[in-house]
Amino acid sequence: MIQTPILTVFCPDPSIIRVGEDYYIATSTFEWWPGVRIFHSRDLQHWEQIASPLVRTSQLNLQGDPCSGGVWAPCLTYDGSRFYLLFTDVKTKKGRFYNTHNYLVYTDDIYGEWSEPVYLNSIGFDPSLFHDRDGKKYLINMINGFKGILVQEIDPDSWQLVGERKLVYGGTEMRYTEGPHMYHIGDWYYLVVAEGGTGYEHGVTMARSKSIWGPFETAPNNPIITSNREDMSMLQKCGHGDFVDTPEGEWYMVHLCSRPVPGTNWCTLGRETAIQKMVWDEEGWLRMECGGNFGQLTTASPKGVTECVYPDDLEGFRDDFEGDSLNVRYSAPRADFHEFADLSARAGYLRLKGRESMNSWHKVSHLAVRQQCFTCSAETAMEFIPTYAEQMAGLSYAYDALCFYLLAKTCDDRGETVLVLLKSDGGVITDEMEPIPVPAQGKMQLKVEVLDAGRICQFFYKVPGGDWQQAGEKMSCELVTDEHARGFTGAHFGMYVHDMTGLGLYADFDYFSVECR
Ligand code: 6LW
């Protein structure tokens, strides 16, 4: 049996391919750099994150992108010799006129470097590339305003879009048609789309046509997958799927899902990737092997695979900053973290240089990891000697630039070194405790515990020679959920420093750890 989700915590909009015995999935990263996470597996259960494809600012410039804008729904494909990745960089997503730029990058070696981006169009998001049997390639994407699915041929030599741009499918009554993927199986072109919006109404629907140009006929058994909202212990938000076949001819669908914090509808872990075994029915439509259309927590393993064993990625993590490169699990908002993070400045420490404050959509020095499980803690030790009130460094429990908690060392207006506990709710910052005087020199330890099955958090601090002390009261985790922040990414723990004077004061972090309970 495969246990799902297979890619836990902030791994949404999966796009899957198989190359021989190797499976790869790409997932969205939004405003978090580097762009797009790619995972590898041989058994569909165990996945290892490999290098991100978008690691140069010339490929992806996230400066100024809104929270949960940036990289939406990548599409990973392989045409027998080359890997292709399409993605949208969402520049604005408010109101009627979204700005969504679609790009393509390619590589011959999925473990190597990817090309510079080729600009495709901006008319909608969720672009996907379809390689037909006759060698032709097509761009498929939704149209902003959820007006349907577009198909246009693309010339693989010049990467120019050529010929007619045709709206081939308008979707079903579930609406919000997005996330299209095209397949040519037997005599049919199958079009699979996400519908219902990416929240609790989410689903996957299917249509088919004898021609790629339509007309597409909607499947009688839609949605192929959705969620049982009567039972919140089941997977929720099931939708946005992609199909893959195994060497033995079995079929699977990977799809987006969420697991709300028990007893709530809050998703602190963001949106994740699950998998379901599929079968073809007599009429030539795919359905879940288990029957029904609710996403399940287990599904049958593929035949004839050897289990691949990887270290369990999400069972805790401690980094003493002894290496010379940063662990693959770190991300930073809107910028290459090499711009502000340095492992070589001081042996055994991570030095972060202060730049803009957290609310900025530009140059923020915040190095974070995804919240790994409902009940957990994150801890760090830091040296930081501020002399201005505009300098601050500490430990974050953050959703994005607008919704976060921060326990940080700074100066008050009299020049005294203090510890503050801040909350930012939609960008409105409040103090959650009276500032606590602390020594300017020496190592300060900071910790946040997420308790009560993921509903409550509590910060702690420890000064040199002291004991752990509580910082402020218990606070609700609702602040850092997809629902409250109206976002797509889930919560993060991070190390943070700002210096709004422009002097670029740094903080040295001795370790960073996250433990699951
Ligand atoms: C993505 C769209 C969606 O582009 O949400 O869940 C958007 N589906 O297809 C962001 O992930």
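Residues are numbered from 1 along each chain as its sequence is written, and side-chain values use heavy atoms, with hydrogens and water left out. In this predicted model, local features need pLDDT of at least 70 and side-chain atom pairs count only at pLDDT 80 or more, while totals for chains, interfaces and linings use all residues.

Q: What makes cysteine 373 and cysteine 516 a disulfide?
A: Their sulfur atoms are 2.0 Å apart. A disulfide is a pair of cysteine sulfur atoms within 2.5 Å, so the pair qualifies. A disulfide is a covalent bond between the sulfur atoms of two cysteines. The structure holds 1 disulfide.

Q: Which hand does the link of cysteine 373 and cysteine 516 have, and what is the angle about the S-S bond?
A: The link is left-handed, with -110° about the S-S bond.

Q: Where in the chain do cysteine 373 and cysteine 516 lie?
A: The pair links distant parts of the chain, 143 residues apart. Cysteine 373 is in the loop between strand E28 (365–370) and strand E29 (376–383). Cysteine 516 is in strand E39 (residues 506–516). Helices (H or I, at least four residues) and strands (E, at least two) are DSSP runs, numbered from the N terminus.

Q: Why is cysteine 373 called buried?
A: Its relative accessibility is 15%. Buried means under 20% relative accessible area, exposed over 50%, and partly exposed in between (1.4 Å probe, protein chains only). Cysteine 373 is under the limit, so it counts as buried.

Q: How do you know that cysteine 238 is in no disulfide?
A: The nearest cysteine sulfur, that of cysteine 257, is 5.7 Å away.

Q: What about cysteine 267: which cysteine sulfur is nearest?
A: That of cysteine 257, at 9.4 Å. Cysteine 267 is in no disulfide either. At 0% relative accessibility, cysteine 267 counts as buried.

Q: How many residues of domain 1 and domain 2 take part in the contact?
A: Domain 1 gives 39 residues and domain 2 gives 42 residues. Contact means heavy atoms within 4.5 Å.

Q: What is the area that domain 1 and domain 2 bury between them?
A: About 3400 Å², with 59% of it on carbon and sulfur atoms. Buried area is the accessible area (1.4 Å probe) that two parts lose on being put together, summed over both. In domain 1, Trp32, Trp33 and Trp266 lose the most area to domain 2. Together they make up 23% of what that side buries.

Q: Why is the pair of lysine 237 and glutamate 483 called a salt bridge?
A: Their closest N and O atoms are 2.5 Å apart. A salt bridge is a side-chain nitrogen of Lys or Arg within 4 Å of a carboxyl oxygen of Asp or Glu, so the pair meets the rule. Across the interface of domain 1 and domain 2 the rule finds 1 salt bridge.

Q: Where is phenylalanine 10, and is it buried or exposed?
A: Phenylalanine 10 is in the loop between E1 and E2. Its relative accessible area is 0%, so it is buried. Phenylalanine 10 has a positive phi of about 50° although it is not a glycine.

Q: Why does proline 12 count as buried?
A: Its relative accessibility is 0%, so proline 12 falls under the limit. Proline 12 lies in the loop between strand E1 (2–3) and strand E2 (15–19). Leaving aside neighbours within four places in sequence, its contacts include Thr27, Leu256 and Phe488.

Q: Which peptide bond at proline 34 is cis?
A: The one that joins tryptophan 33 and proline 34, with omega about 0°. Proline 34 is found in the loop between E4 and strand E5 (37–41).
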